[in-house]
Amino acid sequence: MLPVHLDGSPAALDTLKGAVADALGGGPAVLPFTDPALRDAMAPDEPAEPGTAVVIATSGSTGAPKGVLLSARALTASAEATHARLGGPGHWLLATPAHYIGGLQVLVRSLLAGTTPALLTGTGFRPDDFAAAAATLKGGPRYTALVPTQLVRLLDDGGAGLAAAKTFDAIVVGAAATSTALRERAADAGVRIVPAYGMSETASGCVYDGHPLDGVRVDVSGDRIRIAGPVLAHGYRRRPDLTAEAFREGWFTTSDRGVRHDDGRVEVLGRADDMINTGGVKVSANAIERCLCAQPGVRDACVVGVPDPEWGEAVVALVVPAGEHGDLRAAVRAELGAAATPKRIEYGTELPLRGPGKIDRAAVKTRLESGLSG
């Protein structure tokens, strides 16, 4: 297996692009990484499992690393289905880390399209840097992939970055849920976004704007989302136990709850472990977050359950305000009932993130358990 250290330089990305091209053609499997400890946990000195082109190292909320095994077929199927949905092969801007599946797929799509991706340089995500990178794209269609936090920053900035965003034929938004309010803001600003749902195990987004990509099948068993199709990974690195548990008879069982509507649209309701048992009543943290984020003056919110001697778990929320807002607890009570109403709301300037745009719920819970405010 070939480890590729991504140190933030264009040279490292060029190395990764070449290594991925070789892997898609049958060459050694590639392990992109930034953290040496995570690399070492994947045992790069041992041969990769048969049929593997890329190993994407991920960390769950526990911090335990998993290596998702992706074949050339899965990566290619995902890239081709994405282009088919968006309007054909095009020119991509890489704006998310390439050691995560969303960024890696930008490289794969560019390789299959025969184009050179534009690269976002600099530290962090700045709208002006995004505009400068977009200006280097030649030809069309023009695509990029962002996380919701990046899209919010472009919309808030309102300058060159937003102007550049308007020039893209499609901006795939994934890694975290895209709220209705954010969809509406983007539409009002003239930015064409495509909310995507997927994960490393599905070689990136496999449900676009609620509808599965070509070749992808989605089923809801109980309330758990299951996915099948050529985009699936074939297991986890050196973890046959986890592989057998998650991948069965051609289906991958996710950790997400959802429903499938009569028109075939898939709606993600949140993680199966986001339920809070408060006073013997189970409420969905995701539903409360959506209610909060739908209120005027709220930019973002995270809801968790914290230990409470009276309720077992108390519903608490960390909210990022965007201006003046009304009584948020009353809004939740009116829509979802008394049990779902946060016992306490704290405020902060931003939510802690883990990975590409994913809220670090463990960090939020630790903060709210301590009673600290932002």
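Helices (H or I, at least four residues) and strands (E, at least two) are DSSP runs, numbered from the N terminus. This is a predicted model, in which local features need pLDDT of at least 70, side-chain atom pairs count only at pLDDT 80 or more, and totals for chains, interfaces and linings use all residues. Residues are numbered from 1 along each chain as its sequence is written, and side-chain values use heavy atoms, with hydrogens and water left out.

**The whole protein**

Start with the cartoon view. It shows 12 helices and 23 strands. The C-alpha trace spans about 60 × 50 × 45 Å along the principal axes of the protein.

Next comes the radius of gyration, taken over C-alpha atoms; the globule rule is 2.2 Å times the number of residues to the power 0.38. A compact globule of 374 residues would have a value near 21 Å, and the protein agrees because its own value is 21 Å.

Switch to a surface. Buried means under 20% relative accessible area, exposed over 50%, and partly exposed in between (1.4 Å probe, protein chains only). Of the 374 residues, 49% count as buried.

Contact means heavy atoms within 4.5 Å. Take the contacts with a separation of 6 or more: residues 24 or more positions apart account for 63% of them.

Colour by charge. Lys and Arg count as positive and Asp and Glu as negative, while His and the chain ends are not counted. Each charge is placed at NZ of Lys, CZ of Arg, CG of Asp or CD of Glu. The 37 positive and 42 negative charges have mean positions 1 Å apart.

**Stop 1: Ser78 and Ala203**

Select Ser78. It lies in helix H3, residues 72-86. Ser78 has a relative accessible area of 0%, so it is buried. Which residues does Ser78 touch, not counting residues up to four places away in sequence? They are Gln105, Ala203, Ser204, Gly205, Leu213 and Val231.

Move on to one of these contacts, Ala203. Ala203 sits in the loop between strand S9 (193-199) and strand S10 (204-208). Ala203 is buried too, because its relative accessible area is 0%. Check its backbone: Ala203 is not a glycine, yet phi is positive, at about 60 degrees. Most residues other than glycine have a negative phi, and most peptide bonds are trans.

**Stop 2**

Select Arg238. Its phi is near 60 degrees, a positive value in a residue other than glycine. Arg238 is in the loop between strand S13 (224-228) and helix H9 (240-246). With 44% relative accessibility, Arg238 counts as partly exposed.

Now select Gly140 and Pro141. A cis peptide bond joins Gly140 and Pro141, with omega about -5 degrees. Pro141 belongs to the loop between helix H5 (127-134) and strand S7 (142-146).

**Stop 2: the cysteines**

A disulfide is a pair of cysteine sulfur atoms within 2.5 Å. How many disulfides does this rule give? The count is 0.

Cys293 counts as buried, at 12% relative accessibility. For Cys302, the closest cysteine sulfur is in Cys293, 9.6 Å away and too far for a bond. Cys302 is buried, with 0% relative accessible area.

**Stop 3: Phe252**

Select Phe252 in strand S15, residues 251-260. Is Phe252 buried or exposed? At 3% relative accessibility, Phe252 is buried. Leaving out residues up to four places away in sequence, Phe252 touches residues including Met199, Ile225, Leu232, Tyr236 and Phe247. Draw a line to His325: the C-alpha atoms of Phe252 and His325 are 41 Å apart, and the two residues are 73 apart in sequence.

**Stop 4: two more distances**

Select Thr366 in helix H12, residues 361-370. Thr366 counts as exposed, at 53% relative accessibility. Its C-alpha atom is separated by 45 Å from that of Gly88, and 278 residues separate Thr366 and Gly88 along the chain.

Finish at Arg344 in strand S21, residues 344-347. Arg344 is partly exposed, with a relative accessible area of 29%. Between the C-alpha atoms of Arg344 and Ala57 lie 36 Å, and these residues are 287 apart along the chain.
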